[in-house]
Amino acid sequence: MSVRSLGAYLATLAMGAAAVLGLAQPASAAGGNYVALGDSYSSGVGAGSYTSESGDCLRSTKAYPQLWANANAPSSFRFVACSGATTSSVASGQLGALSSSTTLVSVTAGGNDVGFADVMQTCVLQSEATCVSRVNTAVSQMQSTLPGRLDSLYTGIRSRSPQAHVVVLGYPRFYKLSGSCIAGLTETERGAINNASDVLNGVLAKRAANAGFTFSSVVDEFTGHELCSGDAWLHSVTLPVTNSYHPKAIGQSGGYLPALRSVA
């Protein structure tokens, strides 16, 4: 066998072994154009290291989209997620980053549509009954108005990037019940908030499936790292206030990044 033939034979063996072992080829080998849309959970609020160009959008170099791009070297990468974004502001202000050549899209959206920040502020500052009532109002919005808003956003994404693999990422369950916290919210409040997260993720999963998108939960990744777990990957009430109830850098790298990587 000639040296050239031997080289080709070994290369074929290597590719076959990679296929048998389920080893993915790096994205850089296949090219790919990645666009990261969404709210503060995608921009990386709470992770620090924000880029100056992102301004109030607070896009972090430690956010999962940037970490995925660093590891996979796509042909192009547009990171346009923004703190405070709703489904409508993603649709009006971020979809311009998409094109017919976009091959991968990630998005988190929906939490701000149901008043996530107001829910948490109400629960921290007001009574248990008021907290639970506010959570129930948010759950009602998740079940009534949010599905249509998600459908509209997802239609916009698909129309601009018809060939893209679109990954909708969910939100973590915030609290470990009967955990290590000895102050703060009551167990009833924590349970209500966890239930709301589950409802929200269920709505996101259903609308994503209906759109032909892939839903990737982060609940498993954050299990054991919720607030009151003793090893939280989420900020509790903290300064700056914008970081409160958002993933820390470890939550982005240990929670959201694996959730994207598993389906991208």
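Me: When do two strands pair, and over how many bridges do S3 and S4 pair?
Reply: Two strands pair if DSSP finds at least two bridges between them. In this predicted model, Val105 of S3 stands opposite Val166 in S4. S3 and S4 (residues 165-169) run in the parallel sense, and their bridges number 4.

Me: Which residue in S3 is the bridge partner of Tyr34?
Reply: Strand S1 (residues 33-36) also pairs with S3 in the parallel sense, over 3 bridges. On S3 (residues 104-107), Leu104 and Ser106 point one way, Val105 and Val107 the other, and all are buried. The S3 partner of Tyr34 is Leu104.

Me: Is the disulfide of Cys57 and Cys82 left-handed or right-handed?
Reply: The two sulfurs sit 2.0 Å apart. This bond links distant parts of the chain, with Cys57 in the loop between H3 and H4 and Cys82 in the loop between S2 and H5. The torsion about the S-S bond is about -80°, so the disulfide is left-handed.

Me: Is Cys181 buried, partly exposed or exposed?
Reply: Cys181 is joined to Cys228 by a disulfide. Buried means under 20% relative accessible area and exposed over 50%. Cys228, at 7%, counts as buried. Cys181 comes in at 33%, so the call is partly exposed.

Me: What accessible area do Val124, Leu125 and Val237 have together?
Reply: Val124 belongs to helix H6 (residues 116-125) and is partly exposed, at 36% relative accessible area. With Leu125 and Val237 it forms a nonpolar patch on the surface, and together they have about 280 Å².

Key. Residues numbered from 1 in each chain as written. Predicted model: local features only at pLDDT ≥ 70, side-chain atom pairs only at ≥ 80, totals over all residues. Heavy atoms only, no water. Buried < 20%, exposed > 50% of the residue type's maximum accessible area, 1.4 Å probe, protein only. Patch = residues over 30% accessible without salt bridge, like charges linked within 9 Å, V, L, I, M, F, W, Y side chains within 5 Å. Areas by Shrake-Rupley, 256 points an atom, 1.4 Å probe, with all protein chains shown as cover. Salt bridge = Lys/Arg side-chain N within 4 Å of Asp/Glu carboxyl O. Disulfide = S-S within 2.5 Å.
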